[in-house]
Amino acid sequence: MTNSANDYDSKLSKRKTTLNICLPEKMTDAKQRRQKEAQEHLSKAEKCLKTSFMKWTPDLDGAASEYTQAATCYRNAKMLTEAKQAYVKTAEIQCKMNSPFHAGKSYEQAGLIAKENKEIEDCVNMLTKAARLFQENGTPDTAALCLEKAAKSVELSHPVKAAELYRNACDISELEDNPRRCAEFIGKSALLLIKEQRYEEALEALKKEIDFHAQSENFPKINRCMVGVVLVYLYNGDPVEAGKFFQQSMSHGTLGASEEAGIIDELLSAYNDGDEESAVEVLTRPYIKFMDNAFAKLAKSMVIPGGIGKKGSGKPVSETEGKSRVQIDDDEDEFDGGLT
């Protein structure tokens, strides 16, 4: 029995070794086969583009088809740079054929491949070209979605660029009279601008978001945005504009009788009185904690002029007890940073 078991283990080990040797070889063979197929399609595409004494015009349709097939073969072979280039050639030919929608789709594919290949700048350029072609074709909703994909690809690496792309997507959606989508895009732009400390631009974006929510009568969203605007104003040290904005906003929907109105009123009073203790109580309420991270972080590090619990001292917090920001105990903040 022992000899039989040893023989079985030996055979099994040999099979595993054979599989480990054969598998990479098969994968290499498959890649080479797909690469060869792609090159054949490229050759056919070039032939379609050639003219002769008997062929006066190039076969653009045939060339576009061959380039697309070449791109697919390269992509299956994991040759992403070559696949991207083939899709770009397809798009260029489709533009010559006056087919902006199909050209946009080809540029979109090139952009997605560039993203997969970590070529972020190329990804944004390709997707932006695709959006422009979709808009030219009369499909602005597809154009806006394309810009959204571009924005998502650079949110972490280039947040300001992402904010611009979201703003452009908003502008396109506005032409389609789609206030909900506009509010979504401009809201994302505002959050990125807040994180990058570009507060004036963020305020402009937030006010636009409020206008779009008003068009769709989304009053809860309006009220939430208004709290965000006041937080940005106060964090940026401008209580006067915050107060003016609050008074003007009382005419919007149900703000006057809402929880948000109470929060804003109490926060403005505490800020203007230099009452840090009251301000901290407002800024640590669950409502603020459940706002987006960008707003929750503003609330957590808000400067309250006047000192710790001292009303009307007129001094910044840093000059009273050495604190430059409102301190919120992390142990008590179970929703640290807010919820997205």
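A nonpolar core is a set of buried Ala, Val, Leu, Ile, Met, Phe, Trp, Tyr and Cys residues joined through side-chain atoms within 4.5 Å. In this predicted model, the largest such core has 88 residues. Here is a quick tour of that core and of some helices worth a look.

**Nonpolar cores**
- Ile194, Leu231, Val232, Leu234 and Ile288 touch the most other members of the 88-residue core.
- Helix α10 (residues 219–235) supplies the largest share of this core, with 11 residues.
- Val232 is in contact with Ile194, Tyr199, Leu203, Leu206, Phe295 and Leu298, leaving aside its neighbours within four places in sequence.

**Helix α13**
- Glu276, Ala279, Val282 and Leu283 are buried in α13 (residues 276–283).
- Among the elements covering them are α10, α12 (259–273), α14 (286–289) and α15 (293–300).

**Helix α7**
- With 17 residues (159–175), α7 reaches 25 Å from its first C-alpha to its last, close to the 24 Å expected at 1.5 Å a residue.
- The buried residues of α7 include Pro159, Leu165, Tyr166, Cys170 and Ile172.
- Their cover includes α5 (120–137), α6 (140–154), α8 (179–195) and α9 (199–215).
- Just after α7, Asp177 takes a positive phi of about 55 degrees.

**An annotated span**
- An unreviewed UniProt entry lists residues 189–216 as "coiled-coil region".
- In the model, this span is 86% helix and 0% strand, and its end C-alpha atoms lie 19 Å apart.

How values were computed
Residues numbered from 1 in each chain as written. Predicted model: local features only at pLDDT ≥ 70, side-chain atom pairs only at ≥ 80, totals over all residues. Heavy atoms only, no water. Buried < 20%, exposed > 50% of the residue type's maximum accessible area, 1.4 Å probe, protein only. Helix = DSSP H or I, 4+ residues; strand = E, 2+ residues; numbered from the N terminus. Contact = heavy atoms within 4.5 Å. UniProt positions renumbered as here; feature names shortened; annotations may be inferred. Expected span 1.5 Å × (residues − 1).
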